[in-house]
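Here is a short report on one protein chain. Look at the model first, then follow the text through its charged pairs, its sheets and its surface.

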Amino acid sequence: MKRLIKSIVIFTFVMVAGLTLGTAEVRAEEDGAYFDGYAVHIQGDGRSNDELTAAYEAACSELAAQYEAEEKASQSTSSSSSSSSATNQKTSSAPKYTDAEIEAAWVESSRTEATCAKDGVITYKNSLTGKTKTEAIPATGEHSYALSEHVDSTCVNNGYDTYTCSTCGDVYSDELPLAEHVKSDAKVTKMASSFSEGERKIYCSVCDDLITTEVIPQTCPIPLAVVLAFGAGAVVFIIGALSLIRKN
């Protein structure tokens, strides 16, 4: 009973397909069952009813598959035609602009300023075409330097000032001139006497170089030459006085 109901359903489907396509037909013949592309043929060839029914169902299934394939091909062609028509319509409706109009429609949309070391960039957008383009801004090369390190000079080594750019970290240094010697306490190298000058020397406390030599005055306030002159005069005076006394 189930097989009979199934055969009736398949036969009904094939009949509907045949009416739709206008080419498929089902007819009973003798000696076999086959499908020639558009018609199902049933023929008596000595096989049982079950075997003929199975052959008939197979032929009907093949016809149904062909119908489905042709239906899909028809829908695909229709969809492709509609898409092509929509594309042509869109293309024909797209506005056309002159080169001058397009060139005048560029508007700056964003900007990244250049620094002392890095290029900047300007981005433009065309209000007519929607396209974008960029333009580079060359680096300024103008650093923002600030004093970052200071080393004092000595009488032996030069000091320096180091400057660092707060934007890109670039560094340079200026050398400082040598500093003056630092005087230490004077050292007496020769003691002064009544009629002889002494001597003291001053050295650098950093490098021990001799800075200057100072004279220590004699302890007697009257120079030796003056004392000798007075002494010689006194001797002459005494001798003269003695001579006068003898004559008298």
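Arg-111 is partly exposed, with a relative accessible area of 40%. The model is a predicted one. In it, the side chain of Arg-111 meets that of Glu-108 in a salt bridge, at 3.0 Å from N to O. Glu-108 is partly exposed too, because its relative accessible area is 38%, between the cut-offs of 20% and 50%. Arg-111 also forms a salt bridge with Glu-113, and here the closest N and O atoms are 3.9 Å apart. Glu-113 has a relative accessible area of 53%. That value is over 50%, so Glu-113 counts as exposed.

Side chains of opposite charge can pair when their charged atoms come close. How many salt bridges does the structure hold? It holds three. The table lists them.

| Salt bridge | Closest N to O distance |
|---|---|
| Glu-113 and Arg-111 | 3.9 Å |
| Arg-200 and Glu-214 | 2.7 Å |

Now take the pair of Arg-200 and Glu-214, with its N to O distance of 2.7 Å. This pair links distant parts of the chain. Arg-200 lies in strand 11 (residues 198-203), and Glu-214 lies in strand 12 (residues 210-216). The two residues are 14 residues apart. Arg-200 is partly exposed, with a relative accessible area of 29%. Glu-214 is partly exposed as well, at 29%.

Strands of a sheet pair through backbone hydrogen bonds, either parallel or antiparallel. In what order do the three strands of this open sheet stand? The order is 4-5-6, and the pairing is antiparallel. Strand 4 and strand 6 stand at the edges. Each has a single partner strand, so one side of each is left without a neighbour in the sheet. From one strand to the next, the twist averages 25 degrees.

Strand 4 (residues 106-112) pairs with strand 5 over six bridges, in the antiparallel sense. Within this pairing, Ser-110 has Thr-123 of strand 5 as its bridge partner. Strand 5 also pairs with strand 6 (residues 132-137), again antiparallel and over six bridges. Here Tyr-124 stands opposite Lys-133 in strand 6. Val-121 has its bridge partner in strand 6 too, namely Ala-136.

Strand 5 and strand 6 form a hairpin, with five residues between them. Gly-130 sits in the turn and has a positive phi of about 80 degrees.

Is strand 5 mostly covered or mostly open? Strand 5 (residues 120-126) is mostly covered: five of its seven residues are buried. In a regular strand the side chains alternate between the two faces of the sheet.

Another open sheet has three strands, in the order 10-11-12, with antiparallel pairing. Its edge strands are strand 10 (187-190) and strand 12, and each of them pairs on one side only. The twist averages 30 degrees from one strand to the next. Strand 10 and strand 11 run antiparallel and are joined by three bridges. Lys-190 has Glu-199, in strand 11, as its bridge partner.

**A nonpolar patch**

Which residues make a nonpolar surface patch of about 450 Å²? They are Phe-237, Ile-238, Leu-242 and Ile-245. Ile-245 has its place in helix 4 (residues 224-247). Ile-245 counts as exposed because its relative accessibility is 58%, and the cut-off is over 50%.

**The whole chain**

Finally, step back to the chain as a whole. It contains four helices and twelve strands. Of its 248 residues, 18% are buried. The chain exposes about 17,900 Å², and carbon and sulfur atoms supply 55% of that area.

Key:
Residues are numbered from 1 along each chain as its sequence is written. This is a predicted model: local features need pLDDT of at least 70, side-chain atom pairs count only at pLDDT 80 or more; totals for chains, interfaces and linings use all residues. Side-chain values use heavy atoms; hydrogens and water are left out. Patches are made of residues with over 30% relative accessible area and no salt bridge: like charges are joined within 9 Å, nonpolar side chains (Val, Leu, Ile, Met, Phe, Trp, Tyr) within 5 Å. Accessible areas come from the Shrake-Rupley method with a 1.4 Å probe; for residues, only the protein chains shown count as cover. A salt bridge is a side-chain nitrogen of Lys or Arg within 4 Å of a carboxyl oxygen of Asp or Glu. Buried means under 20% relative accessible area, exposed over 50%, partly exposed in between (1.4 Å probe, protein chains only). Two strands pair if DSSP finds at least two bridges between them. Axes are lines fitted to C-alpha atoms, for helices over the stretch in contact, and angles run from 0 to 180 degrees between N-to-C directions.
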